[in-house]
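Dear colleague,

Please find the sequence and the structure below. My notes on what was found follow directly after.

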Amino acid sequence: MAKMSNNISLNEVKVGLNFGKNTIAVGRLATRNNRIYFEYDQAFIDLGLDISPLRLPSEFGVQTFNPSLFEGLPGVFNDSLPDGWGRLLFDRLVRSRNLLPNEFSPLDRLAYIGFTGLGALVYEPDYSGEKSKEIINLDTLANQTQEVMDGEAENVLAELVDLNGSSAGARPKALIGVEENKQHIIHGKHDLPKDYEHWIVKFANTTDGVDAGAIEYVYSLMAKEAGLEMTEAHLFPASMGAGYFATQRFDRSKNRRLHMHTASGLLHSDFRTPTLDYEDLIALTGVLTKDVREVEKMFHLAVFNMLSHNRDDHGKNFSFLMDSSGQWKLAPAYDLTFSSGPRGHQSTLIMGEGQNPSIEHLIKLGTETNLIRSQIDKIIEQTKHALGQWETLSKNHGVSKANIKLIKSRLLT
């Protein structure tokens, strides 16, 4: 990571889009009197691209936003910033260099993302640091993340910040480059050599068991069997535990980029206080993609999350992708695993129900989505069949007996 700049509290940051070659100037963010303002470049408006059509329309004039949400940033740029583990790492690094996290404004933090964030948005000035081709050992990286969680390992904070990039979520993650034969792993924040692909690898947090990676891997297998679109996943071996779950990034294809925007950012909905319903997500999918096939994918995801007891299905766990022509589609499913939501409820409601959603709620959701009943029933039965493989798959991949039994008791098959 670049040396911490003494020029914190930036007054202006330039925003661009980079789909893999040249950067397209989008506009500029600026602060004045503790408010954040954004203005599109006229040349970008003329292109007819819309990076956030609901809350940041591509139109002339200065726009400002609610200072109590996303620290005053538009949701599309807040999506570029890490939360959870990534923010903890950055704040720890700041303190280790005798600075205070609250001295870094959202614009300062975007500058440290620079050209290396998820998706296609890039920011200048770019303090993201130099490219590294260093080989990574996942066991060493797992030990370092554990030391950080224990309040130690200040000497590796900069490297972990570099590896985390702008990935979100509470579990420790690293952006890595994976060779085609999966034998070599390198830093993955920047562009990669031709034989490598962009992946994300996860490590257990303080509340996870040693089989958390195996559970998520089995969920990915069941999700694919259920018919959900997902990127390739892999369970890398670990010296302790069942392995490290990793998945190929859907915002990168080689070094080509796609613009990525979460449902939380699109709707300006704070994922920490869940208020969304799958009705909202399905409506959003229809408005954004104008494609009934993408709408059906969102319904399919609702079915899987409910039947598999994935209750941490908040607004940042659904994303949309835009290509260089401005076409939107639903991103492949991600963060699918056994989980509890707020007070044990589904984070995203199903027809108003979060505590005890049922098959009837799913049928009603599908009907409201204008899916035919036979297709609704087919998706539900296909998902049940896939989840019925839990016990066999989990035994094959090292899930503990206790978790096999617990999760089986919660699956609706």
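Asp208 counts as partly exposed, at 26% relative accessibility; the term covers values between buried (under 20% relative accessible area) and exposed (over 50%), computed with a 1.4 Å probe on protein chains only. The model is a predicted one, in which local features need pLDDT of at least 70 and side-chain atom pairs count only at pLDDT 80 or more, whereas totals for chains, interfaces and linings use all residues. Residues are numbered from 1 along each chain as its sequence is written, and side-chain values use heavy atoms, with hydrogens and water left out.

Salt bridges

Asp208 forms a salt bridge with Arg171, with 3.3 Å between the closest N and O atoms; a salt bridge here is a side-chain nitrogen of Lys or Arg within 4 Å of a carboxyl oxygen of Asp or Glu. This pair links distant parts of the chain, 37 residues apart: Arg171 is in the loop between α6 (157–164) and β6 (173–179), and Asp208 is in the loop between β8 (196–202) and α7 (212–226). Helices (H or I, at least four residues) and strands (E, at least two) are DSSP runs, numbered from the N terminus. Arg171 is buried, at a relative accessible area of 14%. Both residues belong to a network of salt bridges that also links Lys202, Glu216 and Asp335. In total, the structure holds 22 salt bridges.

A further salt bridge joins the side chains of Glu232 and Lys182 (2.7 Å, N to O). Glu232 is in the loop between α7 and β9 (233–236) and Lys182 in the loop between β6 and β7, so that distant parts of the chain, 50 residues apart, are linked. Glu232 is partly exposed, with a relative accessible area of 36%.

Glu197 pairs with Lys254 in another salt bridge, in which the closest N and O atoms are 3.5 Å apart. Because Glu197 lies in strand β8 and Lys254 in the loop between β11 (252–253) and β12 (256–257), the pair ties together parts that are 57 residues apart in sequence. Glu197 is buried, with a relative accessible area of 18%, whereas Lys254 is partly exposed at 33%.

Ile186 is in strand β7 (residues 185–187) and is buried, with a relative accessible area of 3%. Its C-alpha atom is separated by 4.5 Å from that of Ile135, which is 51 residues away along the chain. Leaving aside residues up to four places away in sequence, Ile186 touches, among others, Ile136, Ile176, Leu192 and Tyr196; contact means heavy atoms within 4.5 Å.

In helix α11 (residues 359–368), the buried residues are Leu362, Ile363, Leu365 and Gly366. Seen down the axis of α11, these fall within an arc of 160° and therefore line one face of the helix; the arc is that of the directions from the helix axis to the C-beta atoms. They pack against α9 (278–289), α10 (292–307) and α12 (373–387). Just after α11, Asn370 takes a positive phi of about 70°.

The lining of a pocket

α5 gives the most residues to the lining of the second largest pocket, with 6.

Yours sincerely
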